[in-house]
Each structure stands twice: as C-alpha cells, then as structure tokens.
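Hi everyone, thanks for coming.

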Amino acid sequence: MTGFRDIPVFDSAGQRDGFARQYDTAGGVSLPISKEEISGKIEFVETESINIGENIKIQDLYSDPKAVRPEISNAIILLTEANDLANEALSLFKADDIFNADDAVNRLLALLPELFCCRELGDGFGAMVNALFQGIKNLEGEPLNEMQIQATKLLINRLLNEPFLPFESALEEIEKLEESGFSIDAKNLSLIEKMSDE
Amino acid sequence: MSLNLSHFSLVKVSFEIRYDNAYLFWDKAGHIGEASKSLWPKIKIVSGEPGKVAFKIENKYLIQVELGKAFIIAYKPHSSLKDYIEMAENLEAIVRKELGISIYTRLGFRPFYYKKYAKSEDATKDLLDIKKTHYPTGKHFNIEGKPTKANHILRWEADKIGLLIQLTSEGQKYEFEPPMEADEITPISIERNGILFNIDYYTLGSINVNQLNVTDWIKNAYHLIKRDSKVFLEK
C-alpha cells in the first residue's frame with residue numbers, strides 16, 4: 001500500500017521552510033526539496049501523516065463551551081476581542097489617528113478586569129493580565145505610544161495562544177512590558193479588586 | 001436496527017501525546033519511573049527497553065513512555081473518567097517536565113465501546129445492516145460462504161482536528177491452562193462476541209505545551225464523541 005510522508009522543504013538559504021509531501025514507495029528515498037522544485041498538485045493515498053506544521057488555535061482545542069471550564073471559553077472570547085482591539089489600535093496609531101487608537105486601547109482596558117476573573121487558568125495568566133492592567137492604568141489617561149501598543153498586542157497574542165503558560169514565562173513577557181515604558185507596580189491595588197468584583 | 005452509545009459499554013480508553021524524539025528519554029527514564037511511583041505507589045514495571053518503558057497499575061492502567069510518544073490506557077474505566085483524567089494529567093506533566101517537551105505533534109483521545117452478542121454472526125449481521133453493506137449470497141469462489149466478520153473504518157477530518165472511526169464485529173477466545181501441579185485452579189475458556197466501536201479523536205498540527213490543559217481537552221473530546229457518535233451508529 002502506498003502512502004506519503006511529510007518531508008522538510010528548504011529555502012535558498014538552506015533554512016527549513018515548511019514541508020512537502022512525497023510518495024513513499026517501497027525502496028524509494030525521500031529527499032528534501034526546495035519550494036521552487038514543487039510544481040502542480042500531487043495526489044496521495046493517505047496512510048498516516050506526521051504533521052508538525054502550523055500551530056493549532058486554542059479555539060480548535062476547546063471547541064465546545066459546554067464541555068470545558070467556563071474560564072476557558074470566557075478567556076477565549078475576551079482575548080479574541082482584546083486581540084482585535086490591539087490590532088485596531090496599532091493600525092490606527094500608524095495611520096496617525098491617535099484619538100481613535102486611544103479609544104481602542106480604552107475598550108481593551110475595559111476587558112481586563114473580566115479577563116482577570118479567568119486567572120484560575122494559571123498563575124502566568126493572572127500575572128500577565130494584572131501587569132497589563134496596571135501598566136495602562138499607571139499612565140493615568142496618557143495615550144500609549146507605538147511601542148507600548150505593540151507590546152500590548154504581543155502580550156495579548158501570547159495569552160491567546162498560550163493561556164496555560166507558567167509564571168516564569170509570564171515574567172519574561174512582563175519584563176517586555178516594562179521595557180516598552182510601562183510601569184506595572186500596583187499604585188491602586190484596590191481598584192482592580194473592586195472592578196473584578198463588579 | 002439502529003444503535004447508539006447506550007447499547008454499548010465503555011471497555012477501554014486511551015490518551016496519547018506525541019512529540020519529536022526526546023533524546024533526554026535515555027537519561028530520564030528512571031526519573032519518570034520514580035515520579036510515577038511517588039504518585040501511584042502500586043505501579044509495576046512491565047518492560048524497560050532502550051526506547052520505551054511501560055508500567056501497569058493494578059491490572060487497570062497501562063502507562064507507556066517512549067522516545068516519541070507517551071500514553072495511558074485504562075481498562076473498564078468509570079464512564080465519568082474522573083480518575084482516569086487525573087492520571088492522564090499527571091502523566092503529561094511528568095513527561096513534559098522530565099523530557100523537556102515544548103511542542104506536541106499530536107494529541108489523541110480514544111474510547112473503546114463494546115456491545116455483546118451471543119454469536120459473532122449476529123454481531124456481523126447487525127453491523128452490515130446498520131451500514132447497509134451489500135454482500136452476495138449463493139455460491140462464489142466455489143464456496144457457499146457467508147459474512148462472519150465485518151469492519152468499517154472512516155477517517156473524518158477538518159483542518160486541525162480529525163477522527164478515525166471504527167466499527168468491527170469480532171469474536172474473541174480467552175483460554176488459560178494452569179500448570180498441572182496447580183490442581184486447585186480450573187482451566188478457563190471464555191468466548192466473547194460483539195461489536196467494537198472506537199473513535200480516535202486527534203489533532204492535526206503542532207500544539208505548544210502552554211496551550212494544553214489535559215483535563216479540559218479530554219473532557220472536550222469525550223463530550224463531542226458522546227454527543228455525535230450516533231451519526232455513525234444509526235441506520
């Protein structure tokens with residue numbers, strides 16, 4: 001029975017750049033091929049594939065809200081919305097629309113207390129949400145600059161892709177927030193407690 | 001006659017993680033054993049080879065860790081899978097930590113269901129009937145044959161999640177002859193006939209370890225299998 005195997009594809013610099021599939025016939029040898037050598041569509045009879053290509057999205061892993069903890073389904077919804085807002089803020093900032101970029105950031109900020117309620121997902125999750133909330137609040141109404149919006153976007157994106165990351169990994173992300181100019185020390189700790197209780 | 005999951009009993013369940021060859025396995029197999037023993041004191045080794053170690057717990061669980069994968073199987077688990085899921089979560093944590101894994105290449109969850117029949121021919125007949133399988137009658141290949149076993153396999157895939165669904169009619173015999181000196185033990189001969197239904201629910205694509213919560217992932221998979229199996233079982 002013929003099957004196929006995924007083989008590495010190399011770019012012109014010799015770096016691995018995705019995979020290609022090749023018939024795995026008896027006695028045959030599979031060789032890596034560059035993307036330029038692939039032409040047309042190759043038909044395969046499938047046996048079993050080892051696919052270590054593109055990352056699965058979190059929504060695919062926990063697709064039914066009835067089956068998983070509500071924190072997971074809520075976090076996915078909120079982080080997806082926050083991710084969209086961060087992208088929107090960055091696009092608006094780059095288009096010199098500072099006012100609306102700031103508005104998008106404020107709408108993102110409003111999601112963070114509810115996101116903090118999902119902190120049961122892990123210590124890393126709670127730490128990152130808290131750090132971002134404190135960082136934005138500590139700006140006391142000043143709009144974020146491009147580097148800060150970018151850092152926000154990267155943090156939200158990381159949370160969306162890795163909600164169960166450990167505390168040690170979260171510290172690395174929080175450090176990046178500080179490097180972009182955020183001050184994350186809790187000046188008004190009672191504020192976030194009050195907002196997460198609402 | 002249509003079937004649904006309520007006609008079947010859950011007889012086995014398996015959870016598997018696959019990863020790129022983790023060569024730390026050769027250094028850490030002992031650590032994995034010790035970590036497992038601290039969690040499950042009644043653990044016993046089944047095999048210890050250069051590429052894999054296998055343990056069993058009370059003839060109910062089989063744990064196996066290899067260079068490129070690890071799995072835990074429970075035999076006759078409780079339908080809630082409460083204890084099993086906890087063990088699967090602990091095993092994944094041990095393997096991830098000891099082998100330094102950051103990416104999984106595949107996750108798989110596979111429950112096995114069994115419906116008993118008195119005769120394997122009855123199981124085969126029901127299976128062929130459900131699947132509306134055409135088979136010939138009369139003399140062919142110079143024999144008056146009849147279907148004795150049937151096997152239906154379907155792979156059902158989307159972009160990132162897939163299922164391998166199998167419906168098999170089967171007959172099994174278990175025989176045990178005790179040593180002649182052990183005259184207190186009577187020989188055993190058991191015959192089992194039935195339909196085995198199993199669904200392998202798996203991922204396509206890589207999974208960062210920080211994306212995985214074993215408990216929630218298994219619960220999600222199990223819920224979907226229980227909810228939608230009927231589409232493959234009904235006439």
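Predicted model: local features only at pLDDT ≥ 70, side-chain atom pairs only at ≥ 80, totals over all residues.

Residues are numbered from 1 along each chain as its sequence is written, chains are lettered from A and ligands numbered from 1 in the order in which they are written, and side-chain values use heavy atoms, with hydrogens and water left out.

Okay, the interface. With both residues at pLDDT 80 or more, 15 residue pairs are in polar contact across the interface of chain B and chain A. Which elements of chain B each supply at least two residues to the side that touches chain A? Those are β10 (151-157), β12, β13 (207-208) and α4 (214-228), with helices (H or I, at least four residues) and strands (E, at least two) taken as DSSP runs, numbered from the N terminus. The largest share, seven residues, belongs to α4(B).

In area terms, chain B and chain A bury about 2300 Å² between them, 45% of it on carbon and sulfur atoms; that's the accessible area (1.4 Å probe) that two parts lose on being put together, summed over both. N210(B), Q211(B) and D216(B) supply 30% of what chain B buries against chain A, more than any other three residues.

Now salt bridges, meaning a side-chain nitrogen of Lys or Arg within 4 Å of a carboxyl oxygen of Asp or Glu. The interface has two of them. In one salt bridge, D64(A) meets R227(B) at 3.1 Å, N to O.

Over all chains the count is 17. Inside chain A, E120(A) and R69(A) pair up at 3.2 Å, N to O. E120(A) sits in the loop between α3 (98-116) and α4 (123-137) of chain A, and R69(A) in the loop between α1 (58-61) and α2 (70-94), so the pair ties together parts 51 residues apart in sequence.

Last stop, the second largest pocket, at about 450 Å³. A pocket here is an open set of points on a 1 Å grid over the protein atoms alone, where a 1.4 Å probe fits, with protein on both sides within 12 Å along at least five of seven lines; lining residues have an atom within 4 Å of a point. The volume is the space filled by probe spheres set on the points, which are joined across faces, edges and corners. Of its 15 lining residues, V11(B), K76(B), Y114(B), Q172(B) and R192(B) are the closest to the centre.

Methods. Polar contact = N/O pair within 3.5 Å; in protein donor to acceptor, adjacent residues only side chain to side chain.
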